[in-house]
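Dear colleague,

Please find the structure below, handed over for your use. My notes on what was found in it follow directly after.

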Amino acid sequence: FLMRPFVNSLAKLLKTSGVPLQIKRLNIEKNDFPDQCPVARGTPTFVLFRGTEIPPDKWEEFRPKDLVGRICKQCPNLPQRVLESMDEMQIGVSSRFRLF
């Protein structure tokens with residue numbers, strides 16, 4: 001319940017900033033996984049799809065800081081304001097975790 005707002009905010013930031021990366025939620029109960037999707041047992045699980053010619057890349061570990069780092073690696077030319085916003089978001093998740 002703490003991760004969903006982070007992931008949703010991150011997806012919105014990427015979309016509104018024109019970053020060529022889309023975060024899509026899949027419904028495990030409906031089994032709506034795309035063809036060739038790696039098995040996902042935990043939530044959230046992130047898989048990078050880069051087209052039909054390249055196999056999908058499942059990202060094993062999920063921590064907000066790791067996710068932001070991987071996005072930065074995949075999209076090295078992100079605007080500074082996007083980098084700063086993503087950093088603020090991931091710090092916010094850690095702060096919320098400490099409240100519980």
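Apart from its neighbours within four places in sequence, Gln-90 is in contact (heavy atoms within 4.5 Å) with Phe-6, Pro-64, Lys-65 and Val-68. Gln-90 lies in helix H3 and is buried, at a relative accessible area of 8%; buried means under 20% relative accessible area, exposed over 50%, and partly exposed in between, with a 1.4 Å probe and protein chains only.

This is a predicted model, in which local features need pLDDT of at least 70 and side-chain atom pairs count only at pLDDT 80 or more, whereas totals for chains, interfaces and linings use all residues. Residues are numbered from 1 along each chain as its sequence is written, and side-chain values use heavy atoms, with hydrogens and water left out.

The chain has 3 helices and 2 strands, in the order α-β-β-α-α from the N terminus. Helices (H or I, at least four residues) and strands (E, at least two) are DSSP runs, numbered from the N terminus. Of the 100 residues, 27% count as buried.

Helix H2 (residues 64–74) packs with helix H3 (residues 80–98) at an angle of about 165°, their axes being 9 Å apart. H2 is therefore roughly antiparallel to H3; angles under 35 degrees count as roughly parallel, over 145 as roughly antiparallel, 65 to 115 as roughly perpendicular and the rest as oblique. Axes are lines fitted to C-alpha atoms, for helices over the stretch in contact, with angles from 0 to 180 degrees between N-to-C directions. On the H2 side, the contact is made by Pro-64, Lys-65, Val-68, Ile-71 and Cys-72, and on the H3 side by Leu-83, Met-86, Gln-90 and Val-93. By class, this contact of H2 with H3 comprises 7 nonpolar, 1 polar and 1 charged residues. Here Ala, Val, Leu, Ile, Met, Phe, Trp, Tyr, Cys and Pro count as nonpolar, Asp, Glu, Lys and Arg as charged, and the others, Gly among them, as polar.

For helix H1 (residues 3–16) and H2, the axes come within 12 Å and cross at roughly 20°, so H1 and H2 are roughly parallel to each other. Met-3, Phe-6, Leu-10 and Leu-14 of H1 meet Pro-64, Leu-67, Val-68 and Ile-71 of H2. The contact of H1 with H2 divides into 8 nonpolar residues, no polar and no charged.

Yours sincerely
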